[in-house]
Structures are given as C-alpha cells and as structure tokens.
Amino acid sequence: MRKEQGQRLREINLKKKEEKRKKMSKELSQLEAHEDNKTLNEDKAKLAELGFKTMEEMLERVEFLREKLGVVAKEEKKEEEKWPLIGVDDGELDEEQRKMKRIQKMQKSSWVKRMEKRKKDEAEKLKIEKMKNEDPQSYLKNLYAKRRVIYKRIEEKKERKEQMNNRDGFKRKMKAFNKI
C-alpha cells in the first residue's frame with residue numbers, strides 16, 4: 001500500500017513538473033515573439049499587458065526562462081577573460097601585475113576545486129535519487145546504518161570524556177593496587 005502511495009505521489013509530482021515546464025515554455029515562446037519588437041519599449045501599455053514595466057524586465061524574464069528550460073545554457077566567461085594574467089610570462093609583467101597574477105592563480109585553483117566538488121556532489125545526489133527510486137528499502141537500511149555509526153561515535157566521545165574526568169580517581173586506585 002505504501003509503495004502504491006509513493007508511486008502515485010511520484011506520478012503526481014512528475015505531472016506537476018511537466019505542466020510547469022509546458023507553462024514556462026509557452027510563456028517563453030510568447031515573450032520571444034515580442035523580444036525583437038523594438039517599438040515595444042515605447043508602448044508601455046503593451047508591456048503592462050505582458051506584465052512588465054520595462055523592456056529590460058522582459059528580457060531578464062526571457063533569459064531566466066531559457067536558462068530554466070535549458071534552451072540556452074548559462075554562458076560562462078572563458079578562462080582567458082576570467083584570469084587574463086595567468087597566460088602571460090612574468091617577465092612581461094610589472095610588480096603589481098605579478099601580484100594580481102598570483103591572486104588569479106589562487107582564484108582559478110579554488111574555482112576548479114569548487115567545480116569538482118559540485119560535480120562530485122551532483123553525482124552523489126543522483127546516486128542517492130537512483131537508490132531511492134529503485135530500491136527504497138536498501139536506501140533506508142543504508143540511512144539507519146549511517147545513523148547507528150553516528151550514535152556510536154557520540155557514545156564513544158561521551159565515554160572518553162567521562163574517562164578523562166575520572167582519571168584522578170583511576171590513579172589513586174592504581175596506587176592502592178600497587179601497594180598491595
């Protein structure tokens with residue numbers, strides 16, 4: 001019964017997502033029809049009819065919709081534009097530019113690490129989603145196992161803390177034991 005309910009909920013969510021996607025796609029096609037119209041900027045009534053105050057707002061919405069629907073991937077600056085000094089020899093740079101080059105190298109390396117971490121996290125999320133959908137029981141068992149490990153660590157930490165507090169008493173016992 002729970003599996004059926006879960007399946008129904010997934011289907012409902014899928015339908016909602018599809019409806020939302022269709023709605024966004026319809027809105028995008030309507031706005032793209034008006035996007036090239038240069039006179040629209042002067043015609044405030046037409047913009048208000050579309051739900052915007054300015055032409056810039058409409059263009060921002062078009063860009064947002066394209067991004068959400070995956071029509072146009074988010075354009076990223078080329079590496080040469082982001083870090084222009086990295087490809088230049090140090091001999092051609094003055095002292096201030098060398099400092100900036102060093103900073104740009106650090107920025108690039110941290111950016112690369114962030115991108116790698118993001119890809120790793122996305123892959124992990126996909127793996128978890130796949131496990132949830134394919135075999136929910138094993139997913140739950142995995143969560144319970146992780147929880148048990150965390151509880152065990154917490155208990156061990158508490159025990160170590162207690163042992164640290166009781167060390168003085170332990171030393172006295174050992175002295176008494178050694179005297180016997």
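Biologist: Which residues make the nonpolar surface patch of about 270 Å²?
Modeller: The model is predicted: local features need pLDDT of at least 70 and side-chain atom pairs count only at pLDDT 80 or more, while totals for chains, interfaces and linings use all residues. Residues are numbered from 1 along each chain as its sequence is written, and side-chain values use heavy atoms, with hydrogens and water left out. A patch takes residues with over 30% relative accessible area and no salt bridge, joining like charges within 9 Å and nonpolar side chains (Val, Leu, Ile, Met, Phe, Trp, Tyr) within 5 Å; accessible areas come from the Shrake-Rupley method with a 1.4 Å probe, and for residues only the protein chains shown count as cover. The nonpolar patch of about 270 Å² is made by Met 100, Ile 103 and Met 106.

Biologist: Is Met 106 buried or exposed?
Modeller: Met 106 lies in helix α5, residues 95-134. Buried means under 20% relative accessible area, exposed over 50%, and partly exposed in between (1.4 Å probe, protein chains only). Met 106 has a relative accessible area of 54%, so this residue counts as exposed.

Biologist: How many helices are there in the protein?
Modeller: Helices (H or I, at least four residues) and strands (E, at least two) are DSSP runs, numbered from the N terminus. Along the sequence the pattern reads α-α-α-α-α-α-α. With zero strands, the count of helices is seven.

Biologist: What share of the 180 residues counts as buried?
Modeller: Buried residues in α5 are Lys 101, Gln 104, Trp 111 and Met 115. Over the 180 residues of the protein, the buried share is 12%.

Biologist: What distance separates the end C-alpha atoms of α3?
Modeller: Helix α3 runs over residues 55-69, which is 15 residues. At 1.5 Å a residue these should span 21 Å. The prediction agrees, since the end atoms are apart by 21 Å.

Biologist: Within what arc do the buried residues of α3 fall?
Modeller: The buried residues of α3 are Met 55, Met 58, Val 62, Leu 65, Arg 66 and Leu 69. They line one face of the helix, because, seen down the axis of α3, they fall within an arc of 100°. The arc is taken over the directions from the helix axis to the C-beta atoms.

Biologist: Which residue forms a salt bridge with Arg 61?
Modeller: A salt bridge puts a side-chain nitrogen of Lys or Arg within 4 Å of a carboxyl oxygen of Asp or Glu, and the structure holds six. Arg 61 takes part in one at 3.0 Å, N to O. The pair links distant parts of the chain, 34 residues apart, from helix α3 to helix α1. The partner, partly exposed at 23% relative accessibility, is Glu 27.

Biologist: How far apart are the closest N and O atoms of Arg 98 and Glu 95?
Modeller: Both residues lie in helix α5, three residues apart, about one turn of the helix. Arg 98 is partly exposed, with a relative accessible area of 32%, and Glu 95 is partly exposed at 47%. Their salt bridge has its closest N and O atoms apart by 3.1 Å.

Conventions: The expected span of a helix is 1.5 Å times one less than its number of residues.
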